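Let me put the structure on the screen.

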Amino acid sequence: MILRHTFTPLNNNRLGNLCGPTDEHLRAIERALEVSVAHRHEQFKVEGPKAKAQRAMEVLQALYELAAKPIAASTVQIMLSGDGDLGASDGPTLSTRRADLKPRSSNQALYLDNIAEHDITFGIGPAGTGKTYLAVAAAVDALQRASVQRVILTRPAVEAGERLGFLPGDLNQKVDPYLRPLYDALYDLMGYEQVHKAFERQALEIAPLAFMRGRTLNNAFVILDEAQNTTPEQMKMFLTRVGFGTKTVITGDLTQIDLPKAQLSGLVEAERILKRVQGIAFTRLTSVDIVRHPLVARIVDAYDAARLEDLPRIAPGLAAALPLLDTDEEPPRTGLPKARTPRRRTP
């Protein structure tokens, strides 16, 4: 299918920003959508399959609206991400330092709606889908509107396949590497000075999950990140910390579990047990919601496809049981073998 469009009135500055340096933005659209984009001055032609050609033309028109100033390559990549609905940003408006912050897909909009409407929300999906970033943005918005008194961010201190050993420094320095992604999101959404002022007046707190035991969290916005690395006991402990006036968000990626292979993930068990509990919402994000480099979505899809291909070879019993995992039946627990009592030798 061939689509043609003429941008009028003619504005060479906008057209230059739309195309990018040496037509960089047009080449990005071609690679992501597998179409051909050609232009002569203000006249553009898109050639490719019907759905992809229409999508490319929508992206071009949306970029032209932003072309009053130079457009960053990351902006083009974000527009090319998502489920193809450029208007799928009808989620709640968040008050943060990022004026352009909005959901980039219908699933992200649903995620923010669930956070606004439910006391406990689970966001489950692969890397780059905005699970943590949007949750932190909703928390910052709630803090600035004074709907909560403090924001608490936590995650389990589990190494991603590495052994970091005994880290030097005090307690904060030891746990800082595990919590760095949360700091990065806060700095981006609030600014460095505002973050440190919030820490000083104890409106912000970042702590390992183990520090949540025994606490009751009232009038707070609490985020548990990397929840796939919690044990069932840790997940239950965390969920029972919820107090009055508290909103809780749990995020995790079931494809990146760093627990020992014999250990069941608390996030897996929580989804099975709590999916029908009133007041709790589950939002499933997929590779189409990824807002990082387009290659990230392809990498996630490739790994998922490879994992499904390997299941019959690695665990034929598990592959056959996969359709049953969505039922109410409890999947078999994997545990360590029982220790045998040594025989007593007779003299």
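**Salt bridges and confidence**

Let's start with Arg155, which makes a salt bridge to Asp225, with 3.7 Å between the closest N and O atoms. This pair connects distant parts of the chain: Arg155 sits in strand β5, residues 150-155, while Asp225 is in the loop between β7 (220-224) and α9 (232-239), and the two are 70 residues apart. Please keep in mind that this is a predicted model.

Are these two residues buried or exposed? Arg155 and Asp225 are both buried. For Arg155 the relative accessibility is 10%, and buried means under 20%, so Arg155 falls in that class.

Arg155 has another partner to show you. Its side chain also meets that of Glu226 in a salt bridge, at 3.1 Å from N to O. Since Arg155 belongs to strand β5 and Glu226 to the loop between β7 and α9, this pair ties together parts 71 residues apart in sequence. How exposed is Glu226? Glu226 has a relative accessible area of 25%, so it counts as partly exposed.

Now to another group of charges. Within it, the side chains of Asp23 and Arg27 meet at 3.8 Å, N to O. Asp23 is partly exposed because its relative accessibility is 23%. Arg27 is partly exposed too, at 27%. And how many salt bridges are there by this rule? The count is eight.

So much for the pairs; now a word on confidence. The protein chain has an average pLDDT of 80, and 78% of the residues score at least 70.

Over residues 83-88 pLDDT stays under 50, and the model has 16 contacts beyond four places in sequence for them. Residues 160-164 also stay under 50, and here the model has three such contacts. Where pLDDT is low, the predicted coordinates should not be read in detail.

That's my tour, and I'm happy to turn the model around for anyone who wants another look.

Methods:
Residues numbered from 1 in each chain as written. Heavy atoms only, no water. Salt bridge = Lys/Arg side-chain N within 4 Å of Asp/Glu carboxyl O. Buried < 20%, exposed > 50% of the residue type's maximum accessible area, 1.4 Å probe, protein only. Helix = DSSP H or I, 4+ residues; strand = E, 2+ residues; numbered from the N terminus. pLDDT = per-residue confidence, 0-100. Contact = heavy atoms within 4.5 Å.
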